[in-house]
Amino acid sequence: MRLKTLFKDRRPFSFASKSASSSSPSASTSPSTSSSASPSALFRRMSIKIQEKLPSKGIQISAYISPTVASWGTCSITLTVPGETVVFQSSPPTSSAAASSQQQFFSRAIEVEARNIPSLFDKKGRFSFRVNLALGQDNNNNNKLITEQWIDVNAVTGFATGGTMDSIASTPSICAWVDPEGTTPKRREVVVTYGFYESGPAGQDILPKRHQCYITVSAAGSRWMEDMIPPGSWQENRRFRRLVLPSAHDAGMNSMASSSKLLSKMGGAVVGTLVHDNRIMAEIADTISGPAIALIAPNIIFSLAMTQKDSLDAMLRIGARYFEFRPAYCHAAVRSAMQKGKDGLPDKLYFQHGAIPGMGYDAFLADVVAFLQAHQEEIVVVQLRWDGVPNECARPSDQDKREYLDQALKKAGDRIVAGNENDLRNATIAELRKDKKRLIMMESVDSLSTYTDEGNATMDGQSIVDAFPRVLTENSWRGKAFINIQCQATATNIPKAVAYSVLEAGTTSSCILATKATCDSKTLPWCRDNVLRTCGYDTLVVMMNDFIDGATADVAFQLSKQRLMA
């Protein structure tokens, strides 16, 4: 059954062009000729027939190269599997906006084919990608390797193992300086964000059958506000609400550290309490028993809740400037037990995904303040909210919230002051900088979100894009504090998808990651081409995504620049 599916999905292979050039006209003109063919010719034809039936495993690649990086020189992304090499290459900036936009996004499906792997028994083939940047005109002498990543794919079973992409946690974003210090007025930094989703063996019809890989190459966003809106410039007198802010969806769920500590203390049986979704637990329980569920508790939590894989500092360096945080205490059923002994979680506020604890609120605020101290023209917006957090997770009191914020700001002295929703709506960028209100704190504000449980529960992103023009109307967003365009799919709202990613796939799998490459290839070009038309110029826009990446950030930068110029 598994091989049949693999056969069905593989692309047909033809030797037609090769045989046309190497065979004489009489070699394939009639049946009588074939019947009298030599044994070597018959063997060759049998070999071809056999090779045509050998299995393969597909990989769908989506890539993005920022126009800013393209303006520095020639950027290339080289994809390699046995028997095939594909190169995505940036083109020089052009005066035609339409032509330039088409050159940013790339997509290609490639196959790891058993017939291209010499070994008779080991049918693993290496998939790799390499990012190079050649600065200036002399591509040969200045061609700099930014990164190279790889994983082995078994063409027969479909499994992906080993290499540098064998788990989601091992694929952090890569920042690199591309020119030596002192060679340019301001050093240029490039960031490569990437991810690999292992689809597992064939035979399922829920998640993608092909492995998925996304790769983005963009200018680092550590100082994008400073670069786009220099102090003293005319742009600085624009209101802050003119900007489009990149956002990391559920930024507090970027690590298993808190959940792992809780599971080690409480045992896997507590997973049902943490997940707080009977549909998903029932779907898993239909396949395996309760004790087995406890054993795979980390997999369940990882597949359900891990929406980011970079550190908060890395998200900020990519360019994220808007964050939603759901601070609450651990679930009442585990809170008291966690405080016993030295190996439990401290009793404090954590980001809560349902009842699954993530990043500590104190650590989140400390990292944001540290970043703002190091980047003194940047502005970060944080909204506290509690939708989806069960009542059993106690919310912070007003005093709790003040103490956490005061403790974080204390490290900055008087250099950072907390702003509010009124500042976000009405202040100019110059006023926010002058008044040191570079950390805007809000709570459950009135905003417009494109997210719906039904529309975002998609495997291909089409329902998300279809909903954008229906939701993003002036009547809908007029008077709102901001517009939140949510680009991420929510496969976790499809219980069968969660169950499959937990039970069947491997260490590089997550139903959240499964849809990213496909959805981004639709949602991000739509935003680039339509946000100005549908959202106007005078209401703050947020572009939110899972596994925050350079393409999401770069599209937001381009839109911000256009809105400032209008």
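The reply below covers the sheet, then a pair of helices.

Reply: Note that this model is predicted. Five strands make it up, in the order 4-1-10-9-8. The sheet is open, and its pairing is mixed. Strand 4 (105-113) lies at one edge and strand 8 (174-177) is the other edge strand. Each of these two pairs on one side only. On average, neighbouring strands are turned by 20° against each other, direction ignored.

Now look at strand 1 and strand 10. Strand 1 covers residues 56-65, and strand 10 covers residues 211-219. The two run parallel, joined by seven bridges. Within this part, S62 stands opposite Y214 of strand 10.

Helix 23 (residues 516-535) packs on this sheet. Strand 1, strand 4 and strand 10 are touched by helix 23. The direction of helix 23 makes about 40° with that of strand 10.

Next, a helix pair. Two packed helices are described by the angle between their axes and the distance between the axes. Take helix 15 (residues 361-374) and helix 16 (residues 398-410). Their axes come within 9 Å and cross at roughly 35°. The crossing is right-handed.

Which residues of helix 15 meet helix 16? From helix 15 come Y361, D362, L365, A366 and V369. Helix 16 supplies Y404, L405, A408 and L409. By class, this contact has eight nonpolar residues and one charged residue, with no polar ones.

Technical notes:
Residues numbered from 1 in each chain as written. Predicted model: local features only at pLDDT ≥ 70, side-chain atom pairs only at ≥ 80, totals over all residues. Heavy atoms only, no water. Axes fitted to C-alpha atoms, helices over the stretch in contact; angles between N-to-C directions. Helix = DSSP H or I, 4+ residues; strand = E, 2+ residues; numbered from the N terminus. Left-handed = near helix turned anticlockwise from the far one by under 90°. Contact = heavy atoms within 4.5 Å. Nonpolar A, V, L, I, M, F, W, Y, C, P; charged D, E, K, R; others polar. Pairing = 2+ DSSP bridges.
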